[in-house]
Amino acid sequence: MASSNPPAAKMAPPFEPTIWGDFFINYTPEPLQSEERLRERVDQLKRVTSELFKFCSDSVVGTMKLVDTLEHLSIDHHFEGHIATALSNIHGAELDSSSLHDVALRFRLLRQHGLWVSPDEFDKFKEADGTFNDEIMSDPRGLLSLYNASYLLIPGEVELESAMLFSRHHLQAMVNDLASPLAEQVRRFLQIPLPRTLKRYEALQYIAEYKMEQECNPSILELAKLDYNLLQLAHQTELKAFSRWGNGLYEEVGLSYARDRIVECYLWSFIVYYEQNYAPARIILAKLVLLASLLDDTYDTYATLEDSQKLNVAIQRWDMGAIPLLPDYLKKYYARVMDTFKEIEDELKQDDKYRMTYCRKGFQTLSSYYLQEAEWFHRNYMPRFQEQVNVSVITSGSTMLSVGLLVGMDVEANNEAFEWAIGCTDVVMACGKVTRFMDDLAAFKRGKNKMDVPSSLECYINEHHVTSEVAITVLDGLVEDAWKTINRERFVCTTLLPFVNCVINLTTSMSVLFHDGGDGYTYNKGSEGMIEKLFAKPIPL
């Protein structure tokens, strides 16, 4: 006989309730001017900005600065063709500049776009012994560019590790003496370097700073503001519909023990891709994040071992005929998983329906690994560090979400991309390591829940008989090693670069949500301000 109420012994303390409730369902945005006129103005400004590429065509430095400005303001999605051509030309041209800022900017732009450039480019700023010369120590703008560029290092690039330490040290020493807006940028990037920021949120802050720059172009600034507000309207519409869908799901399945994080699920998907043309993909991914979150909370905080085993058996069978196997409290959840996957499949074109086979496999794999963690918990088993990591990297959700983010990407994703994602390739596993280690570090700093399976940090302490301080340092280092692997993938999987970038964005979400030992998903007060600015506050025009 299936149990309708799991034993209290498996009950974890309740999660904090959502702080959003029906906010975005009932939210009425401030009226903009005529939306049609604004879109016409955007089209006009796009034409004006496109012309700037012609004016800069004879200047490598001018072209670099234009590309950097468009990317920093998050309007580069309007000029992808122009930018690709410009960077190809920059890559093939010599940069005749003695400016550290220019050299570092070229290095960062090219590497971010999968175009190889050697760290030897920085040798001109070094002494014979390999140390940086004294002249650049008084160049804060150049040091900040060097600092941000150094975070695109790949495994083995010790010279860029040295550049990172050098530039960070000098920026920390001078930050209080810098003028705005450079001072604010230095403080911000010392917290999270530019290549790991949430692009749309960083753009919001840079829009306010760009107007203070000497080289500010009024047309570009106006385009950035209009684009931000118009896209925000689209995101508000999506969030309203997704909130209704999520509320309906929560009410139907009745898993009161689970985290109600509908808005945060949308945020996670938004971080992966914010552009208008990815609207269907964004909603599909948000739904998958929500279903995975409910699955995680079921295995992790509520279900008995017997119920966990039954749930996994049903998920591996993947048909409605498995419902009678389940305890009563999981039957509606399981049915909604089946229904949601079918609904997503029905939305896909006929030639794209095969994608859901990969998506289902990712969800089934996630369930199997959640069950492994549940068995460890119920048997009071302390795995060795590597054994724990091999499992918890998958339970971080990186593989399932790397597949899920491809599902709605229109014609761009192909069978090769899905095989790459489901195959636990280096970048997907590295994403999982960043996710797992940052999550475990945050959990340790805030105090571990007694219902949690032993974390990677606890397993390291237990196996190596070290202090928590030593283990934290080790895991911090492993996070950085994983980022190096992620950076390298841009040059390994050049044909899959758009998908690599989406996985990089997925990894970036961890830098944002788990920054400084916080957990902006579980403890949603940590992400409240960001969500409000991104989705509820337009930029004054």
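## Salt bridges

A salt bridge is a side-chain nitrogen of Lys or Arg within 4 Å of a carboxyl oxygen of Asp or Glu, and in this predicted model Glu-161, Asp-481 and Lys-484 are linked in a network of such contacts. The structure holds 30 salt bridges, and several of the pairs can be followed individually.

Arg-188 and Glu-209 pair through their side chains at 2.7 Å, N to O. Because Arg-188 lies in helix α8 (residues 182-191) and Glu-209 in helix α9, this pair ties together parts that are 21 residues apart in sequence; both Arg-188 and Glu-209 are buried. Arg-488 and Asp-426 form a salt bridge at 3.6 Å, N to O, and since Arg-488 belongs to helix α21 (residues 468-492) and Asp-426 to helix α19, the parts they tie together are 62 residues apart in sequence. Arg-488 counts as partly exposed at 29% relative accessibility, as does Asp-426 at 43%.

## The largest pocket

About 1400 Å³ of space lies in the largest pocket, which is lined by 49 residues, with Asp-76, Glu-80, Lys-199, Tyr-274 and Glu-275 nearest its centre. Helix α22 gives the most to this lining, with seven residues, and by class the lining has 21 nonpolar, 12 polar and 16 charged residues.

## The second largest pocket

The second largest pocket holds about 880 Å³ of space, and among its 42 lining residues Arg-259, Asp-296, Asp-300, Asp-439 and Thr-522 lie nearest its centre. Asp-439 also meets Arg-436 in a salt bridge (3.5 Å, N to O), and both residues lie in helix α19, three residues apart, about one turn of the helix. Arg-436 counts as buried, at 10% relative accessibility.

Technical notes. Residues numbered from 1 in each chain as written. Predicted model: local features only at pLDDT ≥ 70, side-chain atom pairs only at ≥ 80, totals over all residues. Heavy atoms only, no water. 1 Å grid on protein atoms, 1.4 Å probe; cavity = no way out; pocket = protein on both sides within 12 Å on 5 of 7 lines; lining within 4 Å. Points joined across faces, edges and corners; volume = space filled by probe spheres on them. Helix = DSSP H or I, 4+ residues; strand = E, 2+ residues; numbered from the N terminus. Nonpolar A, V, L, I, M, F, W, Y, C, P; charged D, E, K, R; others polar. Buried < 20%, exposed > 50% of the residue type's maximum accessible area, 1.4 Å probe, protein only.
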